[in-house]
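Good morning, colleagues. Please take a moment with the sequence and the structure before we go through them together.

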Amino acid sequence: MIYTFEKSDLITKQLRKFTTAYTHHVVGQYANIDFWINEVVTSLKAIDEHKKRFDKLYTAQKEWTEDHGTVIHKYCFICNGRCEFSNGKPSLPVYKQEKGLRKELVDAAYFFLLRCFRIGLLTREELKQKCDTIGTSIDPNDLE
Ligand SMILES: [Zn+2]
């Protein structure tokens, strides 16, 4: 899995775990809320810049292999060694788009904050500020 996506998924899972934990555990995790919000924001930025980083990686790899005439022969089980049909051209990396991980991360952070709000760990105004920071808004139905 791609580093950026794996990291995002890890934070999502962590926040989901917090959200459904015992109240006293939630209180403990909320004590480090600035750290967790920062993790979310950093991860979202990494996802948003993933394409830009991929393009740099792709271009650098492509230019290097072209300039140096890099030849790669993978082991072929049919030819029992170097494949007679292989042109030796190294394959270039394939871009993979994130599919919903970004939204899952924002949602996980949102529901954790909401749980904290319900417990009374933060005011409505603080909840709004933190939601703004992670780029989401409060659904008024969630506050009832
Ligand atoms: Zn072969």
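**The zinc site and helix α5**

I shall begin with Asn80, which sits in the loop that lies between β1 (75-76) and β2 (81-82). Please bear in mind throughout that this is a predicted model. The phi of Asn80 is positive, near 60°, although the residue is not a glycine. Is Asn80 buried or exposed? Its relative accessibility is 59%, and because the threshold for an exposed residue is over 50%, Asn80 counts as exposed.

Let me turn to the metal. Which protein atoms are the donors of the zinc ion? They are the SG atoms of Cys76, Cys79 and Cys83, at 2.2 to 2.3 Å from the ion. Along the chain, these donors follow the spacing C-x2-C-x3-C.

Cys79 has a value of 26%, so it counts as partly exposed; the limit for a buried residue is under 20%. As for disulfides, the structure holds zero.

I move now to helix α5, residues 101-119. This helix has 19 residues and spans 27 Å from its first C-alpha to its last, close to the 27 Å expected at 1.5 Å a residue. After α5 comes Gly120, with a positive phi near 100°.

I shall take the pairing with α6 in detail. In general, two packed helices are described by the angle between their axes and the distance between the axes. Here the axes of α5 and α6 come within 10 Å and cross at roughly 170°. That angle makes α5 roughly antiparallel to α6, because angles over 145 degrees are counted in that class. On the α5 side, the contact involves Tyr110, Leu113, Leu114 and Phe117. On the α6 side, they meet Arg124, Leu127, Lys130 and Cys131.

Thank you for your attention.

Methods. Residues are numbered from 1 along each chain as its sequence is written. This is a predicted model: local features need pLDDT of at least 70, side-chain atom pairs count only at pLDDT 80 or more; totals for chains, interfaces and linings use all residues. Side-chain values use heavy atoms; hydrogens and water are left out. Helices (H or I, at least four residues) and strands (E, at least two) are DSSP runs, numbered from the N terminus. The expected span of a helix is 1.5 Å times one less than its number of residues. A disulfide is a pair of cysteine sulfur atoms within 2.5 Å. Buried means under 20% relative accessible area, exposed over 50%, partly exposed in between (1.4 Å probe, protein chains only). Donors are N, O and S atoms within 2.8 Å of the metal (3.2 Å for Na, K and Ca); water is not among the atoms, so sites may look incomplete. Axes are lines fitted to C-alpha atoms, for helices over the stretch in contact, and angles run from 0 to 180 degrees between N-to-C directions. Angles under 35 degrees count as roughly parallel, over 145 as roughly antiparallel, 65 to 115 as roughly perpendicular and the rest as oblique. Contact means heavy atoms within 4.5 Å.
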